Amino acid sequence: MLRHPNEGYEWQQEASSSNHPHEQPQPLIVHKNFFSPARYYCVETICAPCGTVIAWAKFDKAESATNILNFLEMIYPTEESRPQYICVDKACLVLRTAISSGKWDSIWKNTTRFIVDTYHYTNHKATDILCRTYCNPAPTDGSAPNLVVLAQDKNGKSVLKRAFNTQVCEQLNAWLGGFETILKKMKPGNFNWFIHVMLFFHTQTVLAKQKAKKEKKENAAQNSDDEESDEEEAD
Ligand SMILES: [Zn+2]
């Protein structure tokens, strides 16, 4: 359905109230509890570095560190299930909140480190010692060898490179943002269904691409094996 200017739905207070000219008395807001995703919710996702979506949630009003920690606890309830690294745009805030609430010691300390994704890290304060020391997505001092790999640049020189794509959530957000106009019109049930289906299909696509890539690699290896054995036979 196309969105027309000055067209409002009854559950969208802002849109309907803006239809009334200023000289007329402001209408009473009757449907106070109608849903308006743009105003009340933000969608949070958890992705694997390869791009598959692990979980998503709607947060009421704000993306607070407490909300993030509660979401993570729900998705990773046991020590065995917890990842070694969790990359969040506000990782330093999440870490601080975990420490002050006691959750760092009781839940996360043994298994997990919170790091900032590379996209947001440049905007974090260089003077924030906690952030620089514990939330650096790619420390070059050898303190997190799993996050940094040694690679060759185009001149054959050894360079340190990030081992994972820490921006998958950011990339997913950019894609989801394209549906914002449709999502803004939806009631909670439709909103949930739509997001879930889109993320499900997105993950299916990512998995299919990975499978195709793997098969291509295996076929290439198979072909080069065949060529080698052909050469051997010719000898
Ligand atoms: Zn920070």
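Two residues are in contact here if their C-beta atoms, placed from the backbone, lie within 7 Å. Okay, keep that one in your heads, and let's go. What you have is a predicted model, where local features need pLDDT of at least 70, side-chain atom pairs count only at pLDDT 80 or more, and totals for chains, interfaces and linings use all residues. Residues are numbered from 1 along each chain as its sequence is written.

Overall picture, then. The chain has 10 helices and 6 strands; these are DSSP runs, H or I with at least four residues for helices and E with at least two for strands, numbered from the N terminus. Of the 235 residues, 14% count as buried. Buried is when 20 or more other C-beta atoms lie within 10 Å of a residue's own, exposed is 12 or fewer, partly exposed is in between, and the C-beta atoms are placed from the backbone. If you take the contacts with a separation of 6 or more, residues 24 or more positions apart account for 53% of them.

On to the core. By nonpolar core I mean a set of buried Ala, Val, Leu, Ile, Met, Phe, Trp, Tyr and Cys residues joined through C-beta atoms within 7 Å. The largest one has 19 residues, and those touching the most other members are Val88, Ala91, Val94, Leu95, Phe114, Val116 and Cys135. Two or more residues each come from helix 3 (65-75), helix 4 (91-101) and strand 4 (113-115), and helix 4 gives the most, with 5 residues. As background, nonpolar side chains tend to be buried together in soluble globular proteins.

So what does Phe114 touch, leaving aside its neighbours within four places in sequence? Phe114 is in contact with Ile86, Val88, Ala91, Val94, Leu95 and Cys135.

Let's stay with helix 4. Its buried residues are Ala91, Cys92, Val94, Leu95 and Ala98. What covers them includes helix 3, strand 3 (85-87), helix 5 (103-108), strand 4 and helix 7 (129-134).

How do helix 3 and helix 4 cross? Their axes come within 9 Å, at roughly 80°. Axes, by the way, are lines fitted to C-alpha atoms, for helices over the stretch in contact, and angles run from 0 to 180 degrees between N-to-C directions. The two helices are therefore roughly perpendicular, given that under 35 degrees counts as roughly parallel, over 145 as roughly antiparallel, 65 to 115 as roughly perpendicular and the rest as oblique. On the helix 3 side the contact is made by Ala65, Thr66, Ile68 and Leu69, and on the helix 4 side by Leu93, Val94, Thr97 and Ala98.

Now the strands. Glu44 stands opposite Ala57 in strand 2. Their hairpin has 5 residues between the strands, and in it Gly51 takes a positive phi near 110°.

In the loop between strand 6 (158-162) and helix 8 you find Asn165, which is partly exposed because it has 16 C-beta neighbours inside 10 Å. The C-alpha atoms of Asn165 and Pro49 are separated by 5.6 Å, although the two are 116 residues apart along the chain.

Strand 5 is hardly covered, with 0 buried residues among its 5. It runs antiparallel to strand 6, joined by 5 bridges, and Val149 has Lys161 as its bridge partner. There are 5 residues between these strands, and Gly156 in this hairpin has a positive phi near 80°.

Last stop, Thr118 in helix 6 (residues 118-121). Not counting residues up to four places away in sequence, Thr118 touches Pro137, Ala138, Arg162, Thr166 and Gln167. With 17 C-beta neighbours inside 10 Å, Thr118 counts as partly exposed. That's my tour, thanks!

Notes
Pairing = 2+ DSSP bridges.
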